[in-house]
Amino acid sequence: MDRLLFLLATGLARGAIFALFALSLVLIWRAARVVNFAQGAMAVVATYVAFAVTGLTGSYWIGLASALVAGGLMGLIVERGVMRFASHASPLSGVIIAIGVVMVLQSLLGIAFGPNARPMEAPFPETPIVLGGVPVLSPYDLFVLVVAIGLMGLLALIFTRTSLGLQLRASAFAPEVSRLLGVRVARMVTAGWVLASAVGALAALLLVPTELGLNPHSADMLFVSAFTVAVVGGLDSPPGALVGGLVVGVLISLVTGYLGATVAPIAVLGLLVAVLLVRPGGLFAATEARTA
Amino acid sequence: MSAQPQSASPAAGTGSTATGARAGGTLELDGLTVGYGGAPVLRDVSIRVPAGAIVALLGANGAGKTTLLRTVSALVPVASGRIVFDGVDLAGVRVEDRARAGLAQVPEGRSVVAELTVDENLRLGGLQRFRGRRLASAVDGVYDLFEPLARRRRAAGHQLSGGERQMLALGRAIIAEPRVLLLDEPSLGLAPRVVAQIMAVLRALRDERGLTVLLAEQNVTSALAVADHGVVLNLGEVVADRPAEDLRTDSALRHAYLGF
């Protein structure tokens with residue numbers, strides 16, 4: 001019972017990271033109708049920037065801020081530099097370009113930093129707090145949960161309460177009508193990429209200290225899990241990303257805890273296949289099925 | 001053709017709440033040809049829409065009415081010819097910049113963003129011109145104009161009836177106080193009572209604000225009832241360009257091109 005509580009709590013913290021990263025996939029999907037397979041590699045680049053900045057300044061927080069900026073910049077560069085030119089005739093072209101971006105980024109990181117994992121320190125202890133003799137969750141897990149919930153709340157406010165959010169949503173749902181109303185849709189697509197890539201960068205930054213360390217492939221498994229989350233929740237649905245993230249996080253935590261870490265990826269892929277079979281549009285699919 | 005005398009003073013009940021509402025502009029199409037190859041969709045079309053006038057664009061299905069409106073908004077490229085808005089050639093001006101300059105279009109099919117609420121659709125239409133409190137009062141102006149919408153502020157676009165959607169699409173287009181309004185088949189699929197209401201609003205916008213309107217319609221009777229002038233398209237060419245009164249009364253012309 002004690003073990004279950006611990007696994008649930010850490011699973012929620014892990015799930016919050018998946019939810020954030022899945023949200024970044026959902027935001028780009030909504031803005032540009034592309035599943036951004038490069039999201040993981042872009043986020044790792046931003047995490048390296050944070051790693052370097054923290055190393056130089058000694059401050060985790062300046063590193064965190066620079067990861068957000070670097071993530072946003074990556075979004076801007078990838079969208080303006082290559083993705084904008086992807087043909088919309090086939091959803092595959094965007095995917096293939098994204099995979100090309102992954103190869104370029106991971107190779108560059110490998111050349112610059114080498115393949116070895118570099119330990120990244122968390123800003124808070126990672127040993128669980130013990131409440132009444134029961135280990136619950138670590139201060140760092142708590143920090144992750146607070147940041148993730150805070151950021152999701154902020155995004156919800158941006159999307160529902162601001163003019164920028166209204167234009168972002170309108171451009172995603174009805175680009176031609178939005179242009180006829182004077183909305184600069186191309187700029188909104190870029191804004192969606194910048195926002196999403198900053199969110200993805202933050203997710204990777206939060207995850208890496210709980211893993212073996214930072215290397216060019218640090219976010220590979222994060223991408224697979226978050227992609228599953230996005231599909232489970234429905235690629236068009238931000239609330240779906242949130243719920244899906246928590247579900248996948250808890251699933252991985254429980255499977256790892258009771259069956260072993262090697263089984264976890266199989267469980268994630270099993271869930272992906274099951275959802276695709278039963279509800280291909282995702283559990284939270286609203287009006288239309290995905291086209292990719 | 002004579003331009004309507006225009007009064008720039010915005011009257012209550014036209015949805016105009018901001019001071020300094022813009023008066024109507026002129027739109028000229030000069031030798032417009034659209035579509036390459038054997039059979040262009042539009043061939044050498046020249047139409048003048050004077051400031052403060054309602055010009056009806058008539059013709060059968062496939063005559064090129066929708067293509068013409070989409071070309072004016074830059075959604076379809078021009079093969080040759082010019083589109084001149086208030087004396088400025090619009091060549092190279094993008095869709096969203098034409099809208100910002102005051103060239104609004106309500107496309108066919110009512111184009112309400114189904115995922116957004118009525119309120120959000122209206123704010124989307126107005127926010128390139130107004131922000132904050134002025135935007136809120138511009139939205140309220142539309143609710144004054146179309147009372148059924150006021151009761152459905154929080155409803156999503158996909159929950160609206162056909163008539164409500166058309167009111168919303170029209171309200172959303174005029175909220176930013178355009179200088180020329182392009183309307184594609186606003187009467188399509190609507191009850192006669194709703195069509196009459198929409199035509200009355202167009203007339204009021206013209207009379208009270210001096211708005212210029214290019215109205216593509218298959219519903220000839222309704223269109224000519226409010227129009228000052230009528231242009232008949234057939235297979236992509238202008239076959240008649242007359243005062244609306246003439247088109248209403250010339251039975252031979254009506255019979256040849258308008259089918260009644």
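In this predicted model, the contact draws 23 residues from chain B and 15 residues from chain A, contact meaning heavy atoms within 4.5 Å. Local features need pLDDT of at least 70, side-chain atom pairs count only at pLDDT 80 or more, and totals for chains, interfaces and linings use all residues. Side-chain values use heavy atoms, with hydrogens and water left out.

The two chains bury about 2100 Å² between them, 60% of it on carbon and sulfur atoms; buried area here is the accessible area (1.4 Å probe) lost on putting two parts together, summed over both. On the chain B side, B:E96, B:E115 and B:L124 give up the most area to chain A, together 25% of what that side buries.

As for charges, four salt bridges are counted between chain B and chain A, each a side-chain nitrogen of Lys or Arg within 4 Å of a carboxyl oxygen of Asp or Glu. One of the salt bridges pairs B:E120 with A:R169 at 2.7 Å, N to O. Helices α2 (95-100) and α3 (118-126) of chain B each supply at least two residues of the side touching chain A, and α2(B) brings the largest share, five residues. Helices (H or I, at least four residues) and strands (E, at least two) are DSSP runs, numbered from the N terminus.

Definitions and conventions:
Residues are numbered from 1 along each chain as its sequence is written. Chains are lettered from A and ligands numbered from 1 in the order in which they are written.
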